[in-house]
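Me: I'd like to learn how to read side-chain contacts in a protein model. Could you walk me through them?

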Amino acid sequence: DTMRRVVRQSKFRHVFGQAVKNDQCYDDIRVSRVTWDSSFCAVNPRFVAIIVDASGGGAFLVLPLHKTGRIDKSYPTVCGHTGPVLDIDWCPHNDQVIASGSEDCTVMVWQIPENGLTLSLTEPVVVLEGHSKRVGIVSWHPTARNVLLSAGCDNAIIIWNVGTGEALINLDDMHVDMIYNVSWNRNGSLICTASKDKKVRVIDPRKQEIVAEKEKTHEGARPMRAIFLADGNIFTTGFSRMSERQLALWNPKNMEEPIALHEMDTSNGVLLPFYDPDTNIIYLCGKGDSSIRYFEITDESPYVHYLNTFSSKEPQRGMGFMPKRGLDVNKCEIARFFKLHERKCEPIIMTVPRKSDLFQDDLYPDTAGPEAALEAEEWFEGKNADPLLISLKHGYIPGKNRDLKVVKKNILDNKPAANKKSDLINAPKKASDASNTQNEAKLDEILKELKSIKDTITNQDERISKLEQQMAKIAD
């Protein structure tokens, strides 16, 4: 009875999913047929990216969100990899930058033109080489600019400073078996991993140490997933010894017993969890299933509350999950999925039915915005910061993104000076360097101020045009 009562009180009890009409799908796409358990799709408020079948290499499509309908066979792709692409991830701090990991053992970072591709893109901004086997996982740091994690079938995790193209942390002795997935915590100070040896590990990447681990998180032999929740707990999906799908909730400070463990059903598709930290809802999309189940995580027993299931006829090959700032707040949309079929991508919209047209602030607490809270160097030096939040009250208007610049460090600069004389020659150079950085800081300030003025103007413009429309209505 308590379970029933607790669930009843949730405002997400009646969330319902709806697939968009046919003309709002992306049609005639040959979705990749690689056997790899990643989601094959990544979305942000500007673009949807989909890994596709490509002869003689690896490629993915990047489509502006509004480019729905049939996609021409000759539509340009991002195609610089020499082997199939296994995973893609949009940068959370720049909607035009995307990273890809491939069977060719490299990670590539790409800058997409503001209005999408007109020609195929073969030149990445930077190629990150360090893995000795295929790279199946790429994941950007949630709060530090230009920090990217990759994990390969060499059982190594590498953390890169994309701004300099360097591998700064290499965790190559922590996993003895294949890494199924890696998840950052809310402020990016820890990662958790699920691996083929049935262990979930919590790792402090900068100290390069395992903080907590759990053996046999799920007893079954099939792939697991582990993700961090906003409160620091860990949510896992896996299989029981009898091949039933399970989900569990763990406290990393005490991994002996799970906080909650639920059996689901017997199906062999890996459950991919998509988590919304603002509402504490987890959506589970099984690969090869035709449903999305969702659960609310709370502090009250049974902790993981089943809400509902969105069902459709077609099985899903992969799934993209829109960040909160890309949703339509006027329609009470709390999640949007991009479901991959064999030949198309179909958006599915999750809404909370409400009668009022006003902004529903209980559904949209401030959410992670596109500004990075830290620079890469600050994070590598040991600083932590939570995501910088923005309000969605007036919807999210994408700003202008800076281009990603990669400054390769000159190895020669690190040679120790042979004699003191050269130091004297370098002294004036240092002073000019300092003034340069000051100038850059000033320039940054001015640019920021300009951006905020521009944003204000855009907002006022919109307001004026709305008022004009209202005036016109009254006049009529």
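This is a predicted model: local features need pLDDT of at least 70, side-chain atom pairs count only at pLDDT 80 or more; totals for chains, interfaces and linings use all residues.

Me: Which residue does Glu 103 meet in a salt bridge?

Reply: The general idea is that side chains of opposite charge can pair when their charged atoms come close. Here the side chain of Glu 103 meets that of Arg 134, at 3.6 Å from N to O. The two residues are 31 apart and link distant parts of the chain: Glu 103 is in the loop between strands E9 and E10, and Arg 134 is in the loop between strands E11 and E12. Arg 134 is partly exposed, at 27%.

Me: How many salt bridges are there in the whole structure?

Reply: A search finds 21. One of them joins Arg 33 and Asp 53, at 3.4 Å from N to O. That pair links loops as well, with Arg 33 between strands E2 and E3, Asp 53 between strands E4 and E5, and 20 residues separating the partners. Arg 33 counts as exposed because its relative accessibility is 61%, whereas Asp 53, at 25%, counts as partly exposed.

Me: And is Arg 201 buried or exposed?

Reply: Arg 201 has a relative accessibility of 3%, so this residue counts as buried; the cut-off for that is under 20%. Arg 201 forms a salt bridge with Glu 213, their closest N and O atoms lying 3.8 Å apart. The bridge runs from strand E18, which holds Arg 201, to strand E19, which holds Glu 213. Glu 213 is partly exposed, at 37%.

Me: Which residues are linked in a network of salt bridges?

Reply: Look for Asp 28, Arg 70, Lys 73 and Arg 343.

Me: Now the rings, please. Why is the pair of Phe 274 and Phe 337 called edge-to-face?

Reply: For ring pairs, read the angle between the planes: over 60 degrees counts as edge-to-face. The structure holds 13 aromatic pairs. In this one the planes stand at 80 degrees, with the ring centres 5.8 Å apart, so the pair is edge-to-face. Phe 274 is in strand E24 and Phe 337 in strand E29, so the contact ties together parts 63 residues apart in sequence. Both Phe 274 and Phe 337 are buried. They also belong to a cluster linked by ring pairs, together with Tyr 283, Tyr 294 and Phe 321.

Me: What lies over the face of Phe 40?

Reply: That is Lys 287, at 3.9 Å from the ring centre. Likewise, the charged end of Arg 222 sits over the ring of Phe 239, 5.3 Å from its centre.

Note on methods: Residues are numbered from 1 along each chain as its sequence is written. Side-chain values use heavy atoms; hydrogens and water are left out. A salt bridge is a side-chain nitrogen of Lys or Arg within 4 Å of a carboxyl oxygen of Asp or Glu. Helices (H or I, at least four residues) and strands (E, at least two) are DSSP runs, numbered from the N terminus. Buried means under 20% relative accessible area, exposed over 50%, partly exposed in between (1.4 Å probe, protein chains only). Rings of Phe, Tyr and Trp (its six-membered ring) pair if their centres lie within 6.5 Å; planes under 30 degrees apart count as stacked, over 60 as edge-to-face and the rest as tilted. A charge sits over a ring if NZ of Lys or CZ of Arg is within 6 Å of the ring centre and within 35 degrees of the ring normal.
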